[in-house]
Amino acid sequence: PGCKRNLLQMESQVSQYKAMIGDLHMSESTNDITVEPFFHLEIERDYLVEQTLECIKQADPKDIRKRLRVSFKGEEGLDAGGVTKEFFQLLSEELFDINSGLWSNKYGDEMNWFNSDNTWDEKGYEMIGVLFGLALYNNVLLDVRFPMAVYRKLLGLPLGLEDIVDAELRRGLKQLLDYEGDDVEDIFCLSFEVTWMELGEERRLDLKPDGANIPVTNNNREEYVLRYVSWILVDSIKSQWEAFESGVMRIMEDASLDLFLPEELELLVVGSGVLDFKALESNTTYEGGYTAESEVVKNFWRFVNNASKETQVQLLKFAAASTKAPIGGLGKMPFIIQRAGPDSGLLPTSHTCFNTLLLPDYGSDYDKLANNLGRAVLECEGFGLE
């Protein structure tokens, strides 16, 4: 997966360079050449989604293919990557929220699956697809909980019973297939018809012509399951999926996504939830006079290893603007702990664009480090100079 990721990054860099070169301008009076290498998004935090979607709607298609640079209005953060990572983290929390109306509420916060009832916001799905593509294009992780079926669909792979999102439905269809008796019609009492609730009303649909009058039997149950799976994963969300996919492909149409397995593509998009901080510790470098044997450094790793999973995730977000590990795990993520002056009451800070923690030298005072680092981690939203 790492080699494939590197290839995808190289393709993105080439595309970004082409987009930049295609935007060269020469002054007729001075013969000076000017070029804008970035696709700029200047956003207010309070209107994050609305302004982002509006900027993308109005953007020239060739500008979107440039390297993304984000700034928050009223903040001094210079985006060398950290602001962009935080931007996508905050955007994920809003766009993939179950209350947005775009995702089925059947699975709670555990999964994002397309809301088949939402027939009024195709543009919203397209814009989410564009943002999904932009994150992939700019090598930024997203906090999205798509099932594997989404990645299989993006790669154009066939779908099967194992891709059904609803565990209860998947189990029921499997029981139908596995049933060994010769009385399927009498036991299961099914026909080639599906029923569901849409906006409070019961809807019915034949899976084949006159399906309501065709019973499911021992002989045709495999056809029934195939048609049911196709309806659930394809037909019932057709308009929502096509809008989302078109948005993704606006950004990634020339990318070699077909090289990836679904599991590899998921890892590329969301990273790994397995956070091995021992591996991160072994890969950490120290600057400003610190070494692995510095008292404050040893206390830092003591704090990390004793912290709860939630605190560890927040710490990673504070230091690297991400809650997941990249391909290869935390041992593959560059991480720097830099001395930020002598002992003081100042809190630790970070340069998230460089995965650098700026840690005052609290010496051997573990309680002071734990208190100040804990406060810093809890108050990490917002950027100063990066």
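This is a predicted model: local features need pLDDT of at least 70, side-chain atom pairs count only at pLDDT 80 or more; totals for chains, interfaces and linings use all residues.

Visitor: What percentage of the residues count as buried?

Guide: A residue counts as buried when its relative accessible area is under 20%. The chain has 386 residues, and the share that counts as buried is 46%.

Visitor: Do strand 7 and strand 8 count as a pair, and which way do they run: parallel or antiparallel?

Guide: Two strands pair if there are at least two bridges between them. Strand 7 covers residues 284-287 and strand 8 covers residues 335-339, and four bridges join them.

Visitor: Which residue in strand 10 stands opposite arginine 339?

Guide: Strand 8 is also joined to strand 10, residues 356-359, by four bridges, and these two run parallel. In strand 10, the residue opposite arginine 339 is leucine 359.

Visitor: Which residue takes a positive phi in the hairpin of strand 5 and strand 6?

Guide: Strand 5 (residues 193-198) and strand 6 (residues 201-206) pair in the antiparallel sense over six bridges. Glutamate 198 has glutamate 201 in strand 6 as its bridge partner. The hairpin has two residues between the strands, and the one with a positive phi, near 55°, is leucine 199.

Visitor: In which loop is aspartate 210 found?

Guide: Most residues other than glycine have a negative phi. Aspartate 210 has a positive phi, near 60°. With 47% relative accessibility, aspartate 210 counts as partly exposed. Its place is the loop between strand 6 and helix 9.

Visitor: Is asparagine 355 buried or exposed?

Guide: Asparagine 355 sits in the loop between strand 9 (349-351) and strand 10. Its phi is positive too, near 50°. The relative accessible area of asparagine 355 is 10%, and the limit for buried is under 20%, so asparagine 355 is buried.

Visitor: How many residues apart in sequence are the parts tied together by lysine 4 and glutamate 264?

Guide: Side chains of opposite charge can pair when their charged atoms come close. The side chains of lysine 4 and glutamate 264 meet in a salt bridge, at 2.8 Å from N to O. Lysine 4 lies in helix 1 (residues 2-21) and glutamate 264 in helix 11 (residues 262-270), so the parts they tie together are apart in sequence by 260 residues.

Visitor: Where does arginine 45, the partner of glutamate 86, lie?

Guide: Glutamate 86 forms a salt bridge with arginine 45, with the closest N and O atoms 3.0 Å apart. Glutamate 86 lies in helix 4, so the pair ties together parts 41 residues apart in sequence. Glutamate 86 counts as buried at 7% relative accessibility, whereas arginine 45 is partly exposed with 22%. The place of arginine 45 is the loop between strand 3 (38-43) and helix 2 (48-58).

Visitor: Which helix holds both arginine 227 and glutamate 223?

Guide: The side chains of arginine 227 and glutamate 223 meet in a salt bridge at 2.9 Å, N to O. Arginine 227 is partly exposed at 33% relative accessibility, and glutamate 223 is partly exposed at 28%. They are four residues apart, about one turn, in helix 9.

Visitor: How many salt bridges does the count come to?

Guide: Some residues are linked in a network of salt bridges, namely Arg65, Glu253 and Asp254. A pair counts when a side-chain nitrogen of Lys or Arg is within 4 Å of a carboxyl oxygen of Asp or Glu. By that rule, the number of salt bridges is 22.

Visitor: In the negative surface patch, which residues take part?

Guide: One member, aspartate 97, lies in the loop between helix 4 (82-95) and helix 5 (122-137). Aspartate 97 is partly exposed, with a relative accessible area of 30%. The patch is formed by Glu50, Glu94, Asp97, Asp109 and Glu110.

Notes. Residues are numbered from 1 along each chain as its sequence is written. Side-chain values use heavy atoms; hydrogens and water are left out. Patches are made of residues with over 30% relative accessible area and no salt bridge: like charges are joined within 9 Å, nonpolar side chains (Val, Leu, Ile, Met, Phe, Trp, Tyr) within 5 Å. Accessible areas come from the Shrake-Rupley method with a 1.4 Å probe; for residues, only the protein chains shown count as cover. Lys and Arg count as positive and Asp and Glu as negative; His and the chain ends are not counted. The place of a charge is taken as NZ of Lys, CZ of Arg, CG of Asp or CD of Glu. Buried means under 20% relative accessible area, exposed over 50%, partly exposed in between (1.4 Å probe, protein chains only).
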